[in-house]
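Me: I would like to go through the terms used for a protein model and ask what stands behind each one. Please set each value against its cut-off.

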Amino acid sequence: MSKTLVKPQARNATRNDPAAEALRRFRLIFNAVKTHFREVEKKAGLAGAQLWALSVVRGTPGIGVSELASEMDVHQSTASNLLKSLVTGGLVEVERSSTDRRALALRVSPAGLKVLKRAPGPFSGVLPEALASLDTPALIRLNRDLDKVIQALGVDKRAANIPLGQPDT
């Protein structure tokens, strides 16, 4: 965090306290996300973001690294890092383009398909799936209100493109 948070004044955190209620809602969301990622790692043996990348490659055979990054809404270096472990683990196969030797075409290997079969969905994660189910007006309101929380936290906004299920590197 780039900003030091000021400790809020002591308050009676009762059930009717709106700040306490909002905190409980965030806890519910974060714990649902953590539970999903633990289940993914247990059943698939991959971090959530790696599983998501693997599923995107399966859905778009021949996809390149920059297209994968765009599909996952992450920086290209993040997508490259996710792919390194998938390639090293034999889950993704890489071919060089015959016309442009710098371009890579990615495909899921048979081992990668086995991992996807045993992995729990949704592959993109429970939070993106839940957000995608909301209508546009609700998302606009949510974004506006979350912007206020983000501003109060003083967070580094570059972290917005790091997947929640990103393995620790």
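This is a predicted model: local features need pLDDT of at least 70, side-chain atom pairs count only at pLDDT 80 or more; totals for chains, interfaces and linings use all residues.

Reply: Residues are numbered from 1 along each chain as its sequence is written, and side-chain values use heavy atoms, with hydrogens and water left out.

Me: How many helices and strands does the chain have, and what makes a stretch count as one?

Reply: The chain has seven helices and two strands. Both are DSSP runs numbered from the N terminus: a helix is a run of H or I of at least four residues, and a strand is a run of E of at least two. Along the sequence, the elements follow the pattern α-α-α-α-β-β-α-α-α.

Me: What span is expected of helix α4, and what span does it reach?

Reply: Helix α4 covers residues 76-88, which is 13 residues. The expected span is 1.5 Å times one less than the number of residues, and for α4 that comes to 18 Å. From its first C-alpha to its last, α4 reaches 18 Å, close to the expected value.

Me: Why is T78 called buried?

Reply: Buried means under 20% relative accessible area, exposed means over 50%, and partly exposed is in between (1.4 Å probe, protein chains only). T78, which lies in helix α4, has a relative accessible area of 12%, so T78 is buried. Not counting residues up to four places away in sequence, T78 touches P163 and Q166. Contact here means heavy atoms within 4.5 Å.

Me: Why is D73 called exposed?

Reply: D73 has 51% relative accessibility, so D73 counts as exposed. D73 is found in the loop between α3 and α4. D73 also has a positive phi of about 55 degrees, although it is not a glycine.

Me: Why do S85 and E95 count as partly exposed?

Reply: S85, in helix α4, has a relative accessible area of 33%, so S85 is partly exposed. E95, in strand β1, has 42%, so E95 is partly exposed. Leaving aside neighbours within four places in sequence, E95 is in contact with A103, L104, A105 and R107.

Me: How do you know on which side of α4 its buried residues lie?

Reply: The buried residues of α4 are T78, A79, L82, L83 and L86. They cover an arc of only 130 degrees around the axis, so they are on the same side of α4. The arc is that of the directions from the helix axis to the C-beta atoms. As background, an α-helix has 3.6 residues a turn, so residues three or four places apart point the same way. The face of α4 turned away from its buried side carries the exposed residues K84 and T88.

Me: Which elements do the buried residues of α4 pack against?

Reply: They pack against α2 (48-59), α3 (65-72), β1 (92-96) and β2 (104-108).

Me: Why is α2 called roughly perpendicular to α4?

Reply: The two helices pack at an angle of about 80 degrees, with their axes 10 Å apart. Therefore α2 is roughly perpendicular to α4, because 65 to 115 degrees counts as roughly perpendicular, under 35 as roughly parallel, over 145 as roughly antiparallel and the rest as oblique. Axes are lines fitted to C-alpha atoms, for helices over the stretch in contact, and angles run from 0 to 180 degrees between N-to-C directions.

Me: Which residues of α2 and α4 meet, and how many of them are nonpolar?

Reply: A49, Q50, A53, L54 and V57 in α2 meet L82, L83, S85 and L86 in α4. These residues divide into seven nonpolar, two polar and no charged. Ala, Val, Leu, Ile, Met, Phe, Trp, Tyr, Cys and Pro count as nonpolar, Asp, Glu, Lys and Arg as charged, and the others, Gly among them, as polar.

Me: What makes the buried residues of α5 line one face?

Reply: In α5 (110-118), G112, V115 and L116 are buried. Seen down the axis of α5, they fall within an arc of 100 degrees, so they line one face of the helix. P110, K114 and K117 are exposed on the face turned away from the buried side of α5. The buried residues of α5 pack against α1 (18-44), α2 and β2.
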